[in-house]
Amino acid sequence: MSFGGLFDGGTCGGGGAHLVADMAYGSSARAISHPSILSPSLRRSSMFSSPGLSLALQTNLTAQGDQNSDPVAGGGGGTDVSDSARRSKEDENDSKSGSDNLEGESGDDLEQENPRKKKRYHRHTPKQIQELEALFKECPHPDEKQRMELSKRLCLEARQVKFWFQNRRTQMKTQIERHENTILRQENDKLRADNLSIREAMTNPMCCNCGGPAVLGEISLEEQHLRVENARLKGELDRVCALVGKFLGKPISTLSNPPPLPPLSFVPNPSLELANGFASVLPPLSTVMTPTRAVAGGGAAFTGGEKSQERCEFLELALAAAEELVKMAQMEEPLWVPCSDTGRESLNYDAYDQCFAPCLGPRPSGFVSEASRETGVVVINSSALIETLMDPARWADMFASVIARTATAEVISVGVGATKNGALQLMHAELQLLSPLVPVREVRFLRFCKQLTDGAWTIVDVSVDATKGNPLKCRRLPSGCVVQDTLNGYSKVTWVEHAEYDEATVHPLYRPLLRSGLALGARRWVATLQRQCQSLAILMSSSLPTDDDKTGRRSMLKLAQRMTDNFCAGVCASSAREWSKLGGGVNIGEDVRVMTRQSVSDPGEPPGVVLSAATAVWLPVSPQRLFDFLRDEQQRSQWDILSNGGPMQEMAHIAKGQNAGNAVSLLRASAARSNQSSMLILQETCTDASASLVVYAPVDIPAMHLVMNGGDSAYVALLPSGFAILPDGGSGGLKPPGGSLLTVAFQILVNSQPTAKLTVESVETVNNLISCTVQKIKAALNY
């Protein structure tokens, strides 16, 4: 506190300054002495700065100030400071009350020095000191309310309580500083002794093996290699510590100076624990990774060299991708701009570049970007969904129409304990759009699973091809989903899909659809997931009268799933099936793709040469109208040559969802003539907000009787055909908006001998079949 604004200080003699003596324990009260009272020698004395002398001089000066209250005449004038000194004296007496008067004089001494001052110190009683000490242990800095309550309870003034706590804190601080100084002095002595012993050892080096004088200057080649390896491992450890510290928000001191260990091993299954919770907005990620002696949770340990470096890069890339995905899932404008015409969202790439550092570097020349986001509620809890997405086989079954092939190349981390939290694996996948005019997307990516909080997870995929310079046609930027449990076993899924691909390989008819994100974007993944989960929920909750009906139902559904998978493999030339593309010289349509395959040992297909032909056309009808027309058994005779020109009868029906279009049916074609035998057709139809499928195959009547009675459906041979219906995505001005992209595909056994040669007549027959089917559909729809 400054008193410069309260007094006008004059000069005296040589213009001496006012003297302000600080009280002990940092009290704010100060005593101001008049410069004419002190001699220059006393002012210059270093003893005056001593707290004890300062207090004594202050007392004397206050008494003299009371006697000489008139202003000093001559020499520049003076100032009356008696009232201020008296108030300072009272504050001093209050602050030095009781047992806390550690360095000042007693109240009796001050009373004898200043007979005009009759105030006596109030000595605290042992009970008061006990109460004050008890509160000090709980709260060294009590507020005004606590001090008032304590003063009333102990019959003390509030100022006495306040000054007691100030003095007690100062005393405590002094004690701590003394203790720390003692410890530092001991450590200094120890370091000085160690330094002396090291100096003595360096002056007379001894050999550890023979005990004689050591010969310096020669280092073996092995020792040189060990030192280089040690430096490399230390640099790698520092890099991992910096990486983990980046997401923890603080340095990892435990890793900076690790205890002595055998050759250092990094765990490929780091315990990546999330610290923050999941509330209205998603929390930032944080991780914990510690080096251990052995591998925890299975898998091979980091072995050093390129493998260790690569896995550290994978971990760093996965963490950065997870951060980006969580932010993209929760951010709104200006990152995501809603479109009033379509009801979808589009990514603002300028805002994206400002918000995120590129995980995979700049976009390759000639590549285009597609980005989309979709939110939906699915009939599955988060734990079951995470288990499905982290299992390659179950993931492929869930999204059979999107995933042509998938495999796990390497499991870097299996997660923490029995959960998938922290699981990290390197995967290969082939993503497909059911059209022969769109090539399969081959991607090599990391899949990282992270638990945000109880019932909230995130799974992120990020391509690693760009880091190795592989010239692939597609790469995935941070994509995936954030899953949060809701009521009644449901989950809220927010899916983000972000990819870059070479558009030159795509037919112009499908380019607008891909750019809109409807083909392989977030809506496709969420809609397929909703349809599949709803199907599983209905099938599990449905009640059948007998166990035989349940077994037959399960066998029929399994056969229908295999039929649909084979149809998708025949449309897109993925590596899942060994199809051979037909070369030139055959008279087929411009947009017709023909492939052949030799079926030899597959019990689910007839042996021989199988020919697959597919094409895609644009139709000026909505996808829903086209789907309803193709699945209607009453109108099937308008386009299907297998119907024998008449309506079909539905013999069995298994619903797979609330939508009537999701079902498996067994149809029976009526015989046109009495000498013709009736035929059964197994058909599966499925539809959602992104696409629709109508897949069918003729089946043998005795084989279907066996399946419906619960027999094994793996030995039922079939060759599927059907249709895939997609929205046109606006067609980019090539066609009027609001139409459909229809894929027509057939698989036919052209020869029962696997080694037979494919004839031109067989190819032309299949080509004519496709052309005829497309023309009949157009005619039936009045186009």
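**Figure 1. Pairing of β13 with β14 at one end of the sheet.** In this predicted model, strand β14 (residues 593-599) is joined to β13 by two bridges in the antiparallel sense. Thr-596 of β14 is the bridge partner of Ser-580.

**Figure 2. Salt bridge between Arg-373 and Glu-332.** The two side chains meet at an N to O distance of 3.2 Å. Arg-373 belongs to strand β5 (residues 367-378), and Glu-332 to the loop between α10 (305-330) and β3 (336-338). The pair links distant parts of the chain, 41 residues apart. Arg-373 has a relative accessible area of 8% and is therefore buried, whereas Glu-332, at 45% relative accessibility, is partly exposed.

**Figure 3. Salt bridge between Arg-515 and Glu-503.** The side chains of Arg-515 and Glu-503 meet at 2.8 Å, N to O. Because Arg-515 lies in helix α15 (residues 511-516) and Glu-503 in the loop between β12 (491-502) and α15, the pair ties together parts that are twelve residues apart in sequence. The relative accessibility of Arg-515 is 48%, which counts as partly exposed; that of Glu-503 is 12%, which counts as buried.

Figure 4. The closest N and O atoms of Asp-688 and Arg-531 are 2.9 Å apart. Asp-688 is in the loop between β18 and β19, and Arg-531 is in helix α16 (residues 522-541), so that distant parts of the chain, 157 residues apart, are linked. Arg-531 counts as buried, at 14% relative accessibility. The salt bridges come to 18 in number.

**Figure 5. Nonpolar cores and the surroundings of Tyr-510.** The largest nonpolar core contains 49 residues. Trp-395, Phe-399, Trp-495, Tyr-510 and Leu-529 have the most contacts inside this core. Helix α16 supplies the largest share of the core, five residues. Apart from neighbours within four places in sequence, Tyr-510 is in contact with Leu-433, Ser-435, Leu-437, Val-438, Ala-616, Leu-726, Leu-741 and Thr-743. A second, separate core has 31 residues, including Leu-315, Ala-322, Leu-347 and Ala-351. In soluble globular proteins, nonpolar side chains tend to be buried together.

Figure 6. In α6 (residues 144-154), the buried residues are Leu-150, Ser-151 and Leu-154. These three lie on the same side of α6 because they cover an arc of only 100° around the axis. An α-helix has 3.6 residues a turn, so residues three or four places apart point the same way. Lys-145 and Lys-152 are exposed on the other side of α6. The buried residues of α6 pack against α5 (126-138) and α7 (158-203).

Technical notes
Residues are numbered from 1 along each chain as its sequence is written. This is a predicted model: local features need pLDDT of at least 70, side-chain atom pairs count only at pLDDT 80 or more; totals for chains, interfaces and linings use all residues. Side-chain values use heavy atoms; hydrogens and water are left out. Two strands pair if DSSP finds at least two bridges between them. Helices (H or I, at least four residues) and strands (E, at least two) are DSSP runs, numbered from the N terminus. A salt bridge is a side-chain nitrogen of Lys or Arg within 4 Å of a carboxyl oxygen of Asp or Glu. Buried means under 20% relative accessible area, exposed over 50%, partly exposed in between (1.4 Å probe, protein chains only). A nonpolar core is a set of buried Ala, Val, Leu, Ile, Met, Phe, Trp, Tyr and Cys residues joined through side-chain atoms within 4.5 Å. Contact means heavy atoms within 4.5 Å. The arc is that of the directions from the helix axis to the C-beta atoms.
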